Amino acid sequence: MDQSILTSRAVLGMYFARLEKPNAGGWLDGVSNLFGSDQASEQYPFLGQVPRMREWIGGRQAKGLRGSLLTIANKHYEATLEIALRDMRRDKTPQIEARIGEFADEGDAHWSTLVSTLILNGPSAICYDGQYFFDDDHSEGASGSQSNDITVDISALPASVHGVVTAPSVEEMQQSIVKGIAQILSFKDDQGRQMNSNARSFLVTVPVSLWITAVSAVSTLTTAAMMMNVNPAILGGMKVDVQMIPELTWTDSFAVWRTDSPIKGLIRQNEMDPQVKLKDETSEYAFDNDAIQIGIDAWRGADYGLWQRACYVTMI
């Protein structure tokens, strides 16, 4: 046999070699927690916050934990690639290797798809407290009514250059981002205390149309703080990044996420890493179809975590 002809064993080698290379999905870890699973579904209790220290007056005053429960089911996902035996025989360039590389990347890319879908649907999807994830009337315990769904009238901002909501100026984008960050910093827990006061790292997720403006905006956020009469030192020690998400169909809005908290805004749940399956050259399928198939299967799920780690900003 001509040793230059690709075999199914070589195709598998390409697949596993690609898996050894690091992926570039770091932004997912900033907005979501990844938890392991060993059953059909997992339950996540949101127990509220512990009581704060107080002066001992009149004995102890015990407070219990507030309970909310979220259940995430694992779903079965698959992707199957078919390669004609004639293409394996004729391929003298890295064409098939490139396709196998893309196929191996699909396991990580699928996480991005699941998370992007959650972000896109955030204004209309229910989270653990029974409200939309992005909503204007969240309330828990002593928190009071809180909104992580805000609007910014860009025409009223103190900017030297004005744009429109679908193409804001860099100054308008800067100040809109600052308002989103400020809103996250204002959130209180069920005990009525600030829960993001130590936040120092944020991510702005934007659609393609707002990406360039957002990248330019985050480079000088301290200027935006001064224009809004906010002490620029508040933002001076913060890190703000931008992630463009092609799946977002928003035209006049974006979302800001706190990324340095142990508990994130979204949850990824993994029961089984992608498993590879193969119908090789000796299979009945290859005999009948003159092709091989390589497939990957995974069991996983994703859902909304703490809404207090994010804010949806719509420019009007």
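First, terms. Helices (H or I, at least four residues) and strands (E, at least two) are DSSP runs, numbered from the N terminus. Two strands pair if DSSP finds at least two bridges between them.

This is a predicted model: local features need pLDDT of at least 70, side-chain atom pairs count only at pLDDT 80 or more, and totals for chains, interfaces and linings use all residues. Residues are numbered from 1 along each chain as its sequence is written, and side-chain values use heavy atoms, with hydrogens and water left out.

Now the sheet. Five strands form an open sheet in the order E5-E11-E8-E6-E7, and the pairing is mixed. Strands E5 (149-152) and E7 (239-244) are at the edges; each has a single partner strand, so one side of each has no neighbour in the sheet. From one strand to the next, the twist averages 25 degrees.

Look at E8 (residues 253-258) and E11 (residues 310-315). They run antiparallel, joined by five bridges. Ala-255 sits opposite Tyr-312 in E11.

Next, the helices. Axes here are lines fitted to C-alpha atoms, for helices over the stretch in contact, and angles run from 0 to 180 degrees between N-to-C directions. Contact means heavy atoms within 4.5 Å. Helix H6 (residues 208-218) lies across E6 (201-206), E7, E8 and E11, at about 165 degrees to E7.

How do H5 (residues 170-186) and H6 cross? Their axes come within 8 Å and cross at roughly 75 degrees. That makes H5 roughly perpendicular to H6, a label that covers 65 to 115 degrees. On the H5 side, the contact is made by Val-170, Met-173, Gln-174 and Ile-177. H6 brings residues including Leu-210, Ala-214 and Val-218.

On to the core. A nonpolar core is a set of buried Ala, Val, Leu, Ile, Met, Phe, Trp, Tyr and Cys residues joined through side-chain atoms within 4.5 Å. Buried means under 20% relative accessible area (1.4 Å probe, protein chains only). The largest core has 57 residues; Met-173, Ile-177 and Phe-254 are among those touching the most other members. Apart from it lies another core, of 13 residues, including Val-11 and Ile-294.

Last stop: Asn-148. This residue lies in the loop between helix H4 (95-121) and E5. Is Asn-148 buried or exposed? Buried, with a relative accessible area of 0%. Beyond four places in sequence, its contacts include Phe-133, His-138, Trp-307 and Tyr-312. The C-alpha atoms of Asn-148 and Val-313 are separated by 8.2 Å, yet the two are 165 residues apart along the chain.

Definitions and conventions. Buried means under 20% relative accessible area, exposed over 50%, partly exposed in between (1.4 Å probe, protein chains only). Angles under 35 degrees count as roughly parallel, over 145 as roughly antiparallel, 65 to 115 as roughly perpendicular and the rest as oblique.
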